[in-house]
Amino acid sequence: METICPPFKGATINNITQKYSNEHRANDFVSMYGKFLVAPAKCIVQNIRAGTDWNDPNEIMLGWGIMLRDYKNPKIGYGHWHCCPVFPVKLNQIVEQGQIVAMMGNSGFCMSNGNLVPIELRNNPPYYGTHDHFSMSIDNNLVDPSDYIDWNIPINYSMIDAIKEIAMNMANLIKGRQTSSN
């Protein structure tokens, strides 16, 4: 089986704050809010749970994330969860290893120092609860992604392309809010 790249540029094993276990079937990686998250391999975007209202407490608690299916081996899936609500990719898009697919956030069920982070603390610095819940499955069985990560794979992406896509998605999000409130 091929190795995968880390979930974001500069990630190391030291960024893992909660390891894979029977009770927590993913790796939690910590970094800064808005950190670009990447495709671990060449993948197809299988599912996106995006937001429509960045300030709606109910939506924030549901959480936002992206599911990817390995292009070469469709039995392998990857997920980034607790993301920001906009994504620089589209459903069914083919993405290359290291391509930006999401931004780290703090949506969903986020804990900090063993406590659930209140919604009112999430949208303001220091953005408590920010992390990436990075999962991997083989034949629909969750496995420890850190067993497959090659920490030396370089992550190179086009920042300009990612920013353009994010700006377009933000504009659509704002446009959608204006349409729904009229």
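Is asparagine 113 buried or exposed? Asparagine 113 counts as exposed, because its relative accessibility is 76% and the cut-off for exposed is over 50%. This is a predicted model, and the values here are computed from it.

**Backbone features**

Asparagine 113 sits in the loop between S9 and S10. Its phi is positive, at about 55 degrees, although asparagine 113 is not a glycine. Histidine 82 also has a positive phi, near 75 degrees, and is a residue other than glycine. Histidine 82 belongs to the loop between S6 and S7. With a relative accessible area of 6%, histidine 82 is buried. Most residues other than glycine have a negative phi, and most peptide bonds are trans.

Which two residues does a cis peptide bond join? They are proline 125 and proline 126, with omega at about 10 degrees. Proline 126 is placed in the loop between S10 and S11. Asparagine 123 is in the loop between strand S10 (115-116) and strand S11 (132-138).

**The salt bridge**

How many salt bridges does the structure hold? It holds one. The side chains that meet are those of glutamate 96 and lysine 42, at 3.9 Å from N to O. The pair links distant parts of the chain, 54 residues apart. Glutamate 96 is in the loop between strand S7 (94-95) and strand S8 (100-103). Lysine 42 is in the loop between strand S3 (36-38) and strand S4 (43-49). Glutamate 96 counts as partly exposed, because its relative accessibility is 42%. Lysine 42 is partly exposed too, with a relative accessible area of 28%.

**The largest pocket**

The largest pocket has a volume of about 310 Å³. Its lining is made of 16 residues, and the closest to its centre are Thr17, Asp28, Met111, Gly129 and His131. Two elements give two or more residues to this lining: strand S1 (16-18) and strand S9 (111-112). What is the make-up of the lining by residue type? It divides into four nonpolar, 11 polar and one charged.

**A nonpolar patch**

Met111 is also part of a nonpolar patch on the surface, along with Met61, Phe109 and Leu116. Together these residues have about 380 Å² of accessible area. Methionine 61 lies in helix H1 (residues 57-62). Its relative accessibility is 34%, so methionine 61 counts as partly exposed.

**Distances across the fold**

Where is tyrosine 71? Tyrosine 71 lies in the loop between strand S5 (65-70) and strand S6 (76-81). The C-alpha atoms of tyrosine 71 and asparagine 115 are separated by 38 Å, and the two residues are 44 residues apart along the chain. The C-alpha atoms of asparagine 123 and glycine 105 are separated by 9.5 Å, and these two are 18 residues apart along the chain.

**Accessibility in brief**

| Residue | Relative accessibility | Class |
|---|---|---|
| Histidine 82 | 6% | buried |
| Asparagine 123 | 24% | partly exposed |
| Lysine 42 | 28% | partly exposed |
| Methionine 61 | 34% | partly exposed |
| Tyrosine 71 | 38% | partly exposed |
| Glutamate 96 | 42% | partly exposed |
| Asparagine 113 | 76% | exposed |

Note on methods: Residues are numbered from 1 along each chain as its sequence is written. This is a predicted model: local features need pLDDT of at least 70, side-chain atom pairs count only at pLDDT 80 or more; totals for chains, interfaces and linings use all residues. Side-chain values use heavy atoms; hydrogens and water are left out. On a 1 Å grid over the protein atoms alone, a cavity is a set of points where a 1.4 Å probe fits but cannot get out, and a pocket is an open set with protein on both sides within 12 Å along at least five of seven lines; lining residues have an atom within 4 Å of a point. Grid points are joined across faces, edges and corners, and a volume is the space filled by probe spheres set on the points. Helices (H or I, at least four residues) and strands (E, at least two) are DSSP runs, numbered from the N terminus. Ala, Val, Leu, Ile, Met, Phe, Trp, Tyr, Cys and Pro count as nonpolar, Asp, Glu, Lys and Arg as charged, and the others, Gly among them, as polar. A salt bridge is a side-chain nitrogen of Lys or Arg within 4 Å of a carboxyl oxygen of Asp or Glu. Buried means under 20% relative accessible area, exposed over 50%, partly exposed in between (1.4 Å probe, protein chains only). Patches are made of residues with over 30% relative accessible area and no salt bridge: like charges are joined within 9 Å, nonpolar side chains (Val, Leu, Ile, Met, Phe, Trp, Tyr) within 5 Å. Accessible areas come from the Shrake-Rupley method with a 1.4 Å probe; for residues, only the protein chains shown count as cover.
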